[in-house]
Amino acid sequence: TATPALAQSAPAHASAAAPAPAFSADTPLEAIVADPAAKAVLDKTLPNLAKHPAFDQFKAMSLRQLQPYASDKISEEAVAKVDADLKALPARP
């Protein structure tokens, strides 16, 4: 007799996993600033970041990557808050 494959015993809801968040503290800043809802989240906690004179020089970095270089201006707590708020945004289709 044939035995069923172990993969077939996975719960049915496993294939309907929640979509990954569209944004996080690991998303490049230029992508966050390009989305109005995500930019509003960033501006709420770090209102001057996207207006920084050197923004073009670090816009390809994520907030998490930038934080060690600007720890006097961007606290780990601020990164965690922005990360949580970004992840709470509705996922993009």
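Me: Where does threonine 27 lie relative to helix H1?

Reply: In this predicted model, threonine 27 sits in the segment before helix H1, which spans 29–34.

Me: Is threonine 27 buried or exposed?

Reply: Buried means under 20% relative accessible area. Threonine 27 has 12%, so it counts as buried.

Me: Which residues does threonine 27 touch, leaving out those up to four places away in sequence?

Reply: Threonine 27 touches Ala22, Ile32, Met61, Ser62 and Leu63.

Me: What lies 2.9 Å from a polar atom of the threonine 27 side chain?

Reply: The backbone nitrogen of serine 24.

Me: Now the whole chain. How many helices and strands does it have?

Reply: Five helices and zero strands. Along the sequence, the pattern reads α-α-α-α-α.

Me: How do I read burial and surface for the chain?

Reply: Take the buried share, then the accessible area. The chain has 93 residues, and 30% of them count as buried. Its accessible surface is about 6,400 Å², with 58% belonging to carbon and sulfur atoms.

Me: What share of the contacts with a separation of 6 or more joins residues 24 or more positions apart?

Reply: In this chain, 61%.

Me: How many aromatic pairs does the structure hold?

Reply: One. Phenylalanine 55 and phenylalanine 58 pair edge-to-face, 5.5 Å centre to centre, with 80 degrees between the planes. Planes over 60 degrees apart count as edge-to-face.

Me: Where do phenylalanine 55 and phenylalanine 58 lie?

Reply: Both are in helix H3, residues 55–58. They are three residues apart, about one turn of the helix. Both phenylalanine 55 and phenylalanine 58 are buried.

Methods:
Residues numbered from 1 in each chain as written. Predicted model: local features only at pLDDT ≥ 70, side-chain atom pairs only at ≥ 80, totals over all residues. Heavy atoms only, no water. Helix = DSSP H or I, 4+ residues; strand = E, 2+ residues; numbered from the N terminus. Buried < 20%, exposed > 50% of the residue type's maximum accessible area, 1.4 Å probe, protein only. Polar contact = N/O pair within 3.5 Å; in protein donor to acceptor, adjacent residues only side chain to side chain. Contact = heavy atoms within 4.5 Å. Areas by Shrake-Rupley, 256 points an atom, 1.4 Å probe, with all protein chains shown as cover. Phe/Tyr/Trp six-rings, centres within 6.5 Å; stacked < 30°, edge-to-face > 60°.
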